[in-house]
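I opened this notebook to keep track of what I looked up in the model, entry by entry.

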Amino acid sequence: MKRRDFLKTTLTTTLGSTAAVGISSQSVMARGNLKPAPDAVGMLYDSTLCVGCKACVSACKKTNNMPPVQAKNKKDTADFARDLSSKTLNVIKVYRNGNLAVKDRQINGFAFEKRSCMHCVDPGCVSVCPVTAMRHNPITGIVTYHADACIGCRNCMVGCPYNVPQFEYENPFGQIQKCQMCNQAGVEKIDKGGMTSCAEVCPTGATLFGSRKSLMAEAKKRMALKPGEVYNYPRGNLDKKPSHHEKEIPIYKKHIWGEKEAGGTNVLHISSIDFDKLGMPPLKDRSSASVAETVQHTLYQYMALPAVALAGLAFTVAKNSNNDKDNDNKGDKK
Ligand code: SF4
Ligand code: SF4
Ligand code: SF4
């Protein structure tokens with residue numbers, strides 16, 4: 001069977017079977033977004049509190065035993081990580097505009113923005129992984145990676161809307177690397193009642209650890225604060241007697257990133273700068289995982305699609321075999 005015929009037949013039978021199983025808007029068994037895990041933990045990153053010290057980047061590297069990203073001349077031992085990579089799971093980026101005169105101002109200003117895994121409520125990386133090497137903890141909501149199960153297909157890199165999972169291209173036995181909220185096997189800081197290393201060392205509370213519920217309440221409270229007044233900002237673990245420091249309240253954008261985007265995230269961000277300017281992707285409220293799994297489950301309902309597709313392919317192969325036989329018989333007669 002020629003390749004062109006095979007593709008044509010596959011397409012025709014797929015379309016035919018789709019019609020045969022009667023896929024319509026009524027018959028699609030829609031799966032909505034997953035809900036936040038009952039004891040979901042996460043972090044609140046408040047860009048207006050971040051001073052760009054990168055203590056969180058160093059602490060993350062120490063916990064995950066990762067080397068610094070060196071400058072080209074390699075004389076400087078400082079970490080020059082500018083973006084996420086297989087050696088950097090948490091990075092602080094800078095927004096710049098005009099003359100950079102004022103922090104947290106969109107025009108002629110600058111601001112910091114953190115990038116790391118958002119620990120999605122309905123994670124795309126988990127949905128597309130064919131071997132459950134990416135796992136979503138149903139209690140804490142933490143998304144972890146399991147190298148022993150991974151087959152290196154890199155689907156998770158495509159399934160993540162934040163471009164978070166990074167593959168170790170330089171390693172012949174490369175694995176995926178991403179933040180696991182300090183709860184990966186052998187570390188398990190959260191299971192032991194601790195907090196993430198980045199929140200632990202953050203001097204200003206720009207990265208704050210806690211339950212998703214308390215962090216969301218804190219973020220909403222900050223949205224309602226009066227700019228110019230003073231607020232007692234918490235540091236460390238919001239649910240376990242955090243320390244505090246006073247600071248003038250900035251003008252926040254009335255937007256909590258992660259409340260709704262793509263089904264929501266356990267890591268929330270707030271800022272004085274629009275999130276598209278900070279490089280966040282344009283996302284609808286519905287998760288890509290819920291859309292993809294709705295289509296997939298419908299097509300495979302009662303195994304109708306594979307059965308019809310197989311029947312179509314078998315029919316074409318049989319037809320081609322008969323044609324070949326006829327041609328052979330004609331040749332014999334000559
Ligand atoms: S690379 Fe590994 S973790 Fe990522 S989708 Fe493939 S099997 Fe899953
Ligand atoms: S941010 Fe990406 S890697 Fe992290 S949980 Fe969401 S989809 Fe997965
Ligand atoms: S440790 Fe805190 S203040 Fe320093 S860069 Fe990280 S988030 Fe910002």
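Entry 1, the ligands. Before reading off any surroundings, I noted that a residue is near a molecule if one of its heavy atoms lies within 4 Å of it. I also reminded myself that this is a predicted model.

With that cut-off I looked up ligand 2 and found 14 residues surrounding it, the closest being Cys 117, Met 118, Cys 120, Cys 125 and Cys 160.

For ligand 3 I noted 14 surrounding residues, with Cys 50, Cys 53, Lys 54, Cys 56 and Cys 202 as the closest. By class, the shell around ligand 3 has 10 nonpolar, three polar and one charged residues.

I looked up the secondary structure, which comes to eight helices and 12 strands. Of the 334 residues of the chain, 43% count as buried. I also checked the contacts with a separation of 6 or more, and 59% of them are between residues 24 or more positions apart.

Starting from E2, I traced an open sheet of three strands in the order E2-E4-E3, with mixed pairing. The edge strands are E2 and strand E3 (102-103), each of which pairs on one side only. E3 and strand E4 (residues 109-115) run parallel and are joined by two bridges, and I noted that Val 102 has Gly 109 as its bridge partner in E4.

Elsewhere I looked up strand E1 (residues 41-46), which runs parallel to E12 and is joined to it by four bridges; Leu 44 has Leu 268 of E12 as its bridge partner. In strand E12 (residues 267-270), Val 267 and His 269 point one way while Leu 268 and Ile 270 point the other way, and all are buried.

A search of the whole structure gave five cavities of 30 Å³ or more, and the largest cavity has about 130 Å³ of space. Of the 14 residues that line the largest cavity, Cys 60, Asn 90, Cys 179, Cys 182 and Cys 198 are the closest to its centre. H2 and H5 each supply at least two residues of this lining, which divides into seven nonpolar, six polar and one charged.

Last, I looked up the largest pocket, which has about 250 Å³ of space. Its lining has 16 residues, and Tyr 145, His 146, Gln 180, Gln 184 and Ala 185 are the closest to its centre. The elements that give two or more residues to this lining are strand E6 (143-145) and strand E8 (176-177). By class, the pocket lining divides into five nonpolar, eight polar and three charged.

Technical notes:
Residues are numbered from 1 along each chain as its sequence is written. Chains are lettered from A and ligands numbered from 1 in the order in which they are written. This is a predicted model: local features need pLDDT of at least 70, side-chain atom pairs count only at pLDDT 80 or more; totals for chains, interfaces and linings use all residues. Side-chain values use heavy atoms; hydrogens and water are left out. Buried means under 20% relative accessible area, exposed over 50%, partly exposed in between (1.4 Å probe, protein chains only). Two strands pair if DSSP finds at least two bridges between them. On a 1 Å grid over the protein atoms alone, a cavity is a set of points where a 1.4 Å probe fits but cannot get out, and a pocket is an open set with protein on both sides within 12 Å along at least five of seven lines; lining residues have an atom within 4 Å of a point. Grid points are joined across faces, edges and corners, and a volume is the space filled by probe spheres set on the points. Ala, Val, Leu, Ile, Met, Phe, Trp, Tyr, Cys and Pro count as nonpolar, Asp, Glu, Lys and Arg as charged, and the others, Gly among them, as polar. Contact means heavy atoms within 4.5 Å.
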